[in-house]
Amino acid sequence: MDHSYDLIVLGAGSGGLAAAKRAASYGAKVAIVEGDRVGGTCVIRGCVPKKLLVYGADYWKKITISESFGVSYKDVHLNMEHLLVNVREEVDRLNLLHIDLLKKSGVDLIDGWGSFSDPKSINISRDLTGAIERRIEGNQILIAVGGRPRRPSIPGSELGWVSDDMFLQKSFPKHVLVVGAGFIACEFACILNSLGIQVTQLIRGSRLLRGFDKDLATALEVNLKSNGVRIVFGHSPIAISGSPGDLKVSTSDNDFIACEALLFATGRSPFLDGLRLDLAAVRTENNRIPVDLDQCTNVPHIFAVGDVTDRVNLTPVAIEEGRAFADSNYGKLKRRCNHDLVGKAVFTEPEIASVGFSEEKAIKVFGEENIKIYTSCFRPSSQALHKQGPRCFLKLITRSENQKVIGCHMVGECAAEIIQMASISIGMGATKIDFDKTMAIHPTIAEEFVTMR
Ligand code: NAP
């Protein structure tokens, strides 16, 4: 294998893979360096296995309410071990698929950890602190190493899990304490709760999902509580003692919570360990790599995409940043990733999805008198027979002056799928009149978005 490349990509996660394959498709000679498994957080220990657990939890939950639809089962039971094994097998399949796709696109996969030895050279080692095995050179270098879960520095924190650990378990214990109120905490609180596990959620603030529209967070909170999740607001863990399976978590109100396991879902940080950015003079800021609109760092031939830049930490954003970088630098197609109107979903029960301004942000930016809000709350027809479960909640936020839709939010079945499609029209500048002119598809949940008064 030659040692010099047009492009060296550090990290084979979503952003790195997208950039490497796109650059190679234009004829660039590309190497991608990965010390962990090809696929990165999303495929190996994030979005993909998490969504499979969401499906597993949902099947189990639906079985318990299927009788009202005339479906009954004998001796029904949940085999969590089987679910977790199958999820890991699917992850293994996808890992191999991504390796194969790299090969087919002509990218050299270099198995090892990369670190700068100078601005144009990358040392490769077997492990993060190990001896250097080889050195490669690149005209351009793209840093796409992603992030890692953050664990609070409190005594005994090593006794807790982070999200990566959730996918390594053989089974889940009977009572899990989930720390945090963000995406990961809420998603795992719901997965575990639906699988029949007792869940306590410990939240230092006073609400769930900071940054999302408050009505969505409230709807989720109501449902979590009605499903039996105990939510403790206003407190943090300060120390953990005991041993796995029998933990005692001391809390900031001088109390304690006994549990069998604890999940820290307390945010993620860019993974800069061992990169030796100093040897390439790449500037960092608050433990992240700042980049310009073209993904360029302070060093003109070194770029960064995805979570390592710590802006919008979502897989599709990393992919689009990676592709925009490759198109611009290797495809003679100068373009930039558009970070406006990034749709988001939280795969909780009920599902939450949003695009555009929350009500709080719209009031702050435009003033309360300059926006108009439409909402609808109803029981979906899928619950008509058993009359249980979370209600759907839909919300449109519009500008009064031109009726432009600037925010679209939903809680309920298929929220992510529905908001994905709504975000096309909102990105094109749709108004409330356009929504009203659209013929409804009946009976659906999404039809409410085009019939709101
Ligand atoms: P997050 O959404 O930033 O939430 C972190 C939570 O932990 C917040 O509730 C925060 O409280 C709390 N927290 C932070 N430090 C704490 C401490 N020392 N003690 C107690 N609580 C603490 O982070 P995340 O849930 O870990 O997810 C990380 C990122 O992954 C997200 O930002 C998202 O971009 C991505 N992600 C996306 C999806 C999806 O698209 N469905 C799913 C999972 C992850 P405050 O609110 O008070 O700060």
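**Exercise 1. Find which residues touch the most other members of the largest nonpolar core.**

Step 1. Buried means under 20% relative accessible area, with a 1.4 Å probe and protein chains only.

Step 2. Look through the 64 residues of this core: Phe172, Leu208 and Phe449 touch the most other members.

Step 3. Helix α6 (residues 183–194) gives the largest share, seven residues; helices here are DSSP runs (H or I, at least four residues), numbered from the N terminus.

Before going on: this is a predicted model, where local features need pLDDT of at least 70, side-chain atom pairs count only at pLDDT 80 or more, and totals for chains, interfaces and linings use all residues. Residues are numbered from 1 along each chain as its sequence is written, and side-chain values use heavy atoms, leaving out hydrogens and water.

**Exercise 2. Work out which residues surround the ligand, and which are the closest.**

Step 1. You get 20, and the closest are Ala181, Ile184, Arg210, Asn313 and Ala345.

Step 2. Check α6 again: it supplies the largest share of this shell, three residues.

Step 3. Look at polar contacts (pairs of N or O atoms within 3.5 Å). A polar side-chain atom of Arg210 sits 2.6 Å from a ligand oxygen. From the backbone, a polar atom of Gly267 is 2.9 Å from a ligand oxygen, and an N or O atom of Ala265 is 3.3 Å from one.

Technical notes
A nonpolar core is a set of buried Ala, Val, Leu, Ile, Met, Phe, Trp, Tyr and Cys residues joined through side-chain atoms within 4.5 Å. Buried means under 20% relative accessible area, exposed over 50%, partly exposed in between (1.4 Å probe, protein chains only). Helices (H or I, at least four residues) and strands (E, at least two) are DSSP runs, numbered from the N terminus. A residue is near a molecule or strand if one of its heavy atoms lies within 4 Å of it. A polar contact is a pair of N or O atoms within 3.5 Å; within protein, one must be able to donate a hydrogen and the other to accept it, and residues adjacent in sequence count only if both atoms are side-chain atoms.
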